Amino acid sequence: MKFVVVEQQGPGTYWHSPHAYLAALPEIAPALPPGARAFATDPEHYDFSAPRCVKDLRPLALPPADDAPERFEIRFAWSGGQDEVLTIRYSGVGRVEITADDGGDVELSDHNSVRLDEVLPDEAGCSHELRLTSATVRILCADLVAEWASDPDHL
């Protein structure tokens, strides 16, 4: 990530800092596509005490890294039993990179949650990088739309 900092301090202990990204966001936001801009500038996005902060969300599935489809979505849920789920729909997908820290397969579990993410402008539209506990997901797309819902069946 260019601005957001996620550093492992010890087993299961991380230092998270979105401060540099939040400081740059007023300059970055106008260059983002509309959906990405709305998601990145949501006041709860990086507020660790807010119910709609991305930190600690657990991806329920990940996109295919090989031959990524033009459109796909990733759904996220809370490990702590909160009702709301987040669905991010990506359009105009150009590339998907999924890298496990140990070089193996990415395991989806309560222990591999989102530490933080970063949305940046790109020639194609935007890039979305998600740092998980033991992996990184990078998506290059034309735009993304993020939707929170209380009822997972609503999505």
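1. Buried means under 20% relative accessible area, exposed over 50%, and partly exposed in between (1.4 Å probe, protein chains only). Helices (H or I, at least four residues) and strands (E, at least two) are DSSP runs, numbered from the N terminus.

2. On the basis of the note: this is a predicted model, in which local features need pLDDT of at least 70 and side-chain atom pairs count only at pLDDT 80 or more, while totals for chains, interfaces and linings use all residues. Residues are numbered from 1 along each chain as its sequence is written, and side-chain values use heavy atoms, with hydrogens and water left out.

3. Leaving aside neighbours within four places in sequence, Y90 is in contact (heavy atoms within 4.5 Å) with E70, R71, F72, I74, H128, L130, I139, C141, D143 and L144.

4. The model contains 3 aromatic pairs. Rings of Phe, Tyr and Trp (its six-membered ring) pair if their centres lie within 6.5 Å; planes under 30 degrees apart count as stacked, over 60 as edge-to-face and the rest as tilted. One of the pairs is F3 with Y21, which is tilted, with 6.4 Å from centre to centre and 50° between the planes. F3 belongs to the segment before β1 (5-10) and Y21 to helix α1 (residues 19-28), so this pair ties together parts that are 18 residues apart in sequence. F3 is partly exposed, at 22% relative accessibility, whereas Y21 is buried, at 0%.

5. Y21 also pairs with Y46: the ring centres are 5.6 Å apart and the planes stand at 70°, so the pair is edge-to-face. Because Y21 lies in helix α1 and Y46 in the loop between α2 (34-41) and β3 (57-59), the pair ties together parts that are 25 residues apart in sequence. Y46 is buried, with a relative accessible area of 8%.

6. Two strands pair if DSSP finds at least two bridges between them. Axes are lines fitted to C-alpha atoms, for helices over the stretch in contact, and angles run from 0 to 180 degrees between N-to-C directions.

7. Within this sheet, β6 and β9 pair in the antiparallel sense over 6 bridges; T99 stands opposite T136 and A100 opposite A135. β8 and β9 are likewise antiparallel over 6 bridges, with H128 opposite I139, and a hairpin joins β8 to β9 through 2 residues. Of the 7 residues of β9, 6 are buried, so β9 is largely enclosed by the rest of the structure.

8. A further open sheet has 4 strands in the order β3-β4-β5-β10, again with antiparallel pairing. β3 and β10 are at the edges, each with a single partner strand, so one side of each has no neighbour in the sheet. Here neighbouring strands are turned by 25° against each other on average, direction ignored. β3 and β4 run antiparallel and are joined by 3 bridges; the bridge partner of L57 in β4 is W78.

9. Helix α2 touches β5 and β10 as it packs on this sheet, and its direction makes about 50° with that of β10.

10. L32, in the loop between α1 and α2, is buried at 3% relative accessibility. Apart from neighbours within four places in sequence, L32 is in contact with R37, A40, V119, L120, P121 and C126.
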